[in-house]
Amino acid sequence: MQVIPQLLVSTILLGGIYALIAVGLTLIFGVMRVVNFAHGEFLMLGMYLAFWAFALLHLDPYATLVLALPVVFAAGWASYRLVMRPVIHASHNVQVFTTVGLSIALQNLALVLWTADSHFVRTSYYAVVVRLGPAVLNLAQAAAFAVAVLATAALFAFMRWSYTGKVMRATAQDRQAASLMGIDTGRVFALTWAVGVTCVGVAGILLAPIYPVYPTVGLQFVLIAYVTVVLGGLGEMAGAVVASLIVAAVEVIGSYTVGTAWKEALYLVLFIAILLLRPAGLFGQRGAETVGA
Amino acid sequence: MSGATAPAVAFFALAALAPVVVRDAFLLDGLVLILLWGSVAAAWNVAGGYAGQVSLGHSVFFGLGAYSAALLGTRWGLSPWIGLAVGAVLAIAVGFVIGFLSNRLRGPYFVLATIAFSQVLLIVASRWRAFTSGSEGIAVPFRPGFWTLGIADKRVWVYLILALAVGVYLVQLYLERSRRGYQLAAVREDEDAALSLGVPARRLKVAAIAVSAALTAACGALWAQYVGFVDPFYVFSVDLSVRFALGAVLGGIGTALGPFVGAALVTTLETYLRARFGGIGAGLVGIYLIIYGVALIAIVRFAPQGLVPWLGARWRRPAAGTAR
Amino acid sequence: MAGRAVAPARGGHRAVSLLSVAGVTKRFGGITANREIAFDVAAGELVGVIGPNGSGKSTLFEVISGFYHPDEGEVRLDGHRLTGLSPDRVCRLGVARTFQKLRPFAGLTVVDNIMVGALTRTRDVRHARERARALLERVGLGDKAEAHAGTLSTGQRKRLELARALATEPRVLLLDEVTGGVDQRTIPGLVQLVRELHAGGLTLIVIEHNMRVITAVAQRIVALYLGEKIADGPPDAVTRDRRVVEAYLGQAYAAPAPAP
């Protein structure tokens with residue numbers, strides 16, 4: 001019984017981070033109908049950004065977050081113009097291979113530039129713990145969670161109330177109609193991609209003080225992200241948040257019961273179960289999976 | 001499509017001739033790998049190219065073949081040929097499940113499903129210490145003899161894998177020219193229109209995936225015997241799955257020779273870079289992977305049909321009346 | 001109209017019914033696209049299906065050809081139940097169709113397109129190719145055999161789609177808007193083709209918006225409106241039927257001049 005509050009706290013902290021990663025991925029799919037197979041690599045780049053800023057400039061990751069936000073956004077925009085824009089109207093398979101190619105290129109760029117060694121961002125507060133009743137939280141994790149929640153909330157507010165957000169949602173619902181209404185769908189796609197990449201890049205910066213940084217770190221997170229977005233319904237942002245908590249719960253409870261070795265198997269089995277039983281996810285429209293891209 | 005057989009004959013003839021002329025073990029090894037990766041890319045092509053079911057989880061079949069051969073050999077002393085057969089059967093079973101999913105899921109959902117399958121098996125293989133020796137992998141024992149595939153002479157391996165390669169090539173050719181081939185092409189183009197013409201699209205897709213699975217597993221089993229070691233993190237990896245697809249996409253998805261050409265390019269570059277930079281900075285070896293990534297992006301954008309058709313179009317003078 | 005051996009059936013009661021649609025109802029959420037649609041088609045008949053947009057014509061075709069399963073009712077071909085079967089099974093049993101939004105296999109050549117249909121009836125690729133070439137000539141696309149289907153004009157695509165469906169040797173052919181989207185000059189040729197097919201004994205059900213065309217070729221017309229059948233009879237009777245006139249043709253419609 002004592003352990004339940006701890007599990008709960010761990011779930012929420014983890015879920016918050018996963019939500020930020022997943023929300024960017026599902027946004028990109030919702031508006032552009034593209035699954036970004038390079039999503040994990042942008043996370044990895046965010047982590048490396050935080051690391052190098054810390055190692056070379058002695059910047060705390062949270063300072064990096066604020067200062068580098070425009071850089072991350074610009075990098076996202078640039079990657080859209082360079083890589084995605086030429087294939088945005090191409091077949092679904094072409095898009096899959098494009099993001100897969102990007103993923104390979106980025107992973108190995110990091111490998112070549114920075115070697116396979118793991119790096120750590122050891123901030124001064126890295127080992128500080130906070131007590132919350134019977135549960136114990138790592139301060140870095142808690143701070144990461146807080147910022148992640150803020151960022152996600154800001155994104156939701158933006159999508160809900162800003163004009164641009166509405167434009168993006170309109171494009172997600174019906175690309176052709178949006179275009180006929182005078183919406184520059186090209187710009188919407190660029191913006192969506194940049195926002196999605198920024199979300200996951202920010203998540204990377206937030207994760208740097210908590211996890212080791214190495215070129216293939218994106219892989220494990222992105223797999224979780226795939227499970228999350230499918231569970232929540234591809235393109236459904238609120239669904240992604242709810243699903244993040246569920247996936248985090250599965251992971252936390254799984255770690256506790258069957259150990260960390262098999263916990264990955266748990267959410268993969270969950271993933272396959274969803275795809276077999278209800279591919280559209282919790283919040284997705286029934287039958288969305290038969291339409292695909 | 002006609003006229004494409006001449007380059008293929010040349011390719012395979014060259015491969016057959018090479019061991020007669022070349023003695024260098026390193027070069028022969030390179031040739032074996034080119035033919036092996038070509039075969040597996042071609043096996044992928046059966047599902048991904050001819051049936052249009054792009055999967056990034058084919059390593060699940062490769063790994064099943066590799067592990068079957070390795071496990072049956074180390075635990076029960078069975079011939080790797082039996083391991084190959086068992087692996088193929090297991091792969092077909094998994095292939096049926098994935099085939100079933102291919103009829104229910106389209107687009108990105110299907111791709112993600114295939115990835116999930118390979119990752120589940122990766123975890124099972126790397127954690128089930130009792131059965132698979134877990135993350136340590138399995139060292140395949142070398143027992144001399146053909147029945148045990150304990151062959152030291154690289155030249156024999158060349159001919160063995162060449163036979164496999166020609167076999168997979170012929171399977172693809174059959175898919176191009178046979179009744180099923182035409183039907184699959186229709187399914188690829190427009191599944192509903194194909195259904196309206198009486199094409200049993202769902203059954204065909206499942207069958208194509210199953211055939212692809214069996215062939216991939218066979219490649220995995222032979223590879224395990226050749227390389228001598230099965231590492232779960234490698235044989236079930238997403239990277240490997242992407243590599244299969246890469247060969248086919250680069251060379252010519254949906255053509256019979258394309259995957260071999262694509263795999264040959266990929267393997268040659270990799271082997272060269274490994275040899276050149278292997279010792280010094282293992283990181284530098286990663287350059288070939290960056291090149292793959294960029295090549296993949298470039299090919300699907302500029303020549304989505306792949307290199308072989310692209311070159312073919314440039315070779316031939318455009319015939320009057322046929323617009324592309 | 002020479003060559004027609006079977007007398008036109010009224011409502012299908014007297015003649016042998018080849019295709020029968022009985023009580024077909026299809027709902028999509030809150031919308032009832034087809035409500036209790038029932039009619040029979042005798043062997044060798046050419047039945048036209050008319051109705052304004054949204055009346056359920058295309059849905060009906062989707063149901064007959066097996067792409068949709070109706071919520072109620074059934075479709076039978078020569079007594080065999082078609083409802084619940086997959087579209088490819090329906091085709092193999094003898095019902096072929098064309099699509100309103102043309103769907104050629106753009107990456108394949110014209111002859112390959114037709115071969116796909118032919119291969120449903122024969123396993124031999126060479127034989128299928130011969131049949132395909134013969135059908136190409138039949139529909140007037142003989143010189144386009146090796147062209148890629150994506151390069152054809154709309155009129156040519158219509159002929160291709162027709163030839164492809166014919167290659168499956170159907171007993172009943174569903175034509176969805178064969179004259180839609182083509183310019184005026186091409187229409188007579190297509191109409192003539194349809195007439196010839198009918199004269200050859202083929203049973204046809206034709207969705208058509210062009211009233212001149214349909215009244216000229218159809219022996220019988222079924223009119224749909226808002227998912228229901230509102231008329232079923234010879235062209236003159238249907239076009240003068242008060243409900244049809246009000247629903248579809250407008251109050252001041254007069255019978256059209258005979259088609260060329």
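Start by selecting T74(B). Leaving aside its neighbours within four places in sequence, T74(B) is in contact with I138(B) and P141(B). Take I138(B): its C-alpha atom and that of T74(B) are separated by 8.3 Å, although the two residues sit 64 residues apart along the chain. Keep in mind throughout that you are looking at a predicted model.

Colour helix 3 of chain B, residues 59–76, and you'll find T74(B) in it. Is T74(B) buried, exposed or partly exposed? It is partly exposed, because 16 other C-beta atoms lie within 10 Å of its own, and that count falls between the 12 or fewer of an exposed residue and the 20 or more of a buried one.

**Next stop: helix 2 of chain B**

Stay in chain B and select residues 25–50. This is helix 2, with 26 residues. From its first C-alpha to its last it reaches 35 Å, which is close to the 38 Å expected at 1.5 Å a residue. Where does helix 2 of chain B bend? Click on W44(B): the helix bends there by about 40 degrees.

Now show the surroundings. Helix 2 of chain B is mostly covered, with 21 of its 26 residues buried. Following this helix comes G52(B), where phi is positive, near 70 degrees.

**Where the chains meet**

Zoom out and give each chain its own colour. Two pairs of chains are in contact, and chains A and B share the most contacts. By contrast, no contact joins chain A and chain C. The closest C-alpha atoms of chains A and C lie 12 Å apart.

Go to the A and B contact first. Here 38 residues of chain A are in contact with 34 residues of chain B. On the chain A side, the elements giving two or more residues are helix 4 (92–114), helix 9 (217–232), helix 11 (260–277) and helix 12 (288–291). Colour the chain A side by class and you get 28 nonpolar, eight polar and two charged residues.

**Into the core**

In soluble globular proteins, nonpolar side chains tend to be buried together. The largest nonpolar core here has 285 residues. Select I17(A), I21(A), A203(A) and L296(B), the residues with the most contacts inside this core. The core also draws at least three residues from each of domain 1 and domain 2 of chain C.

Centre on L296(B). Not counting residues up to four places away in sequence, L296(B) touches F97(A), V100(A), G101(A) and I104(A) in chain A, along with L246(B) and V249(B) in chain B.

**Last stop: chain C**

Hide the other chains. Chain C has nine helices and 10 strands, and 49% of its 260 residues are buried.

Where they touch, 10 residues of domain 1 are in contact with nine residues of domain 2. Helix 2 (87–93) and helix 6 (187–199) of chain C each supply at least two residues of the domain 1 side. That side divides into seven nonpolar residues, two polar and one charged.

Finish with two residues of chain C. E36(C) is in strand 2, residues 31–42, and its phi is near 50 degrees, a positive value in a residue other than glycine. E36(C) counts as partly exposed because it has 14 C-beta neighbours inside 10 Å.

L226(C) lies in the loop between strand 9 (220–225) and strand 10 (228–233) of chain C. Phi of L226(C) is positive too, near 50 degrees. With 15 other C-beta atoms within 10 Å, L226(C) is partly exposed.

How values were computed
Residues numbered from 1 in each chain as written. Chains lettered and ligands numbered in written order. Predicted model: local features only at pLDDT ≥ 70, side-chain atom pairs only at ≥ 80, totals over all residues. Contact = placed C-beta atoms within 7 Å. Core = buried A, V, L, I, M, F, W, Y, C linked by C-beta atoms within 7 Å. Domains from an automatic or database assignment. Helix = DSSP H or I, 4+ residues; strand = E, 2+ residues; numbered from the N terminus. Expected span 1.5 Å × (residues − 1). Bend = angle between axes of the 7 residues up to and from the residue. Nonpolar A, V, L, I, M, F, W, Y, C, P; charged D, E, K, R; others polar.
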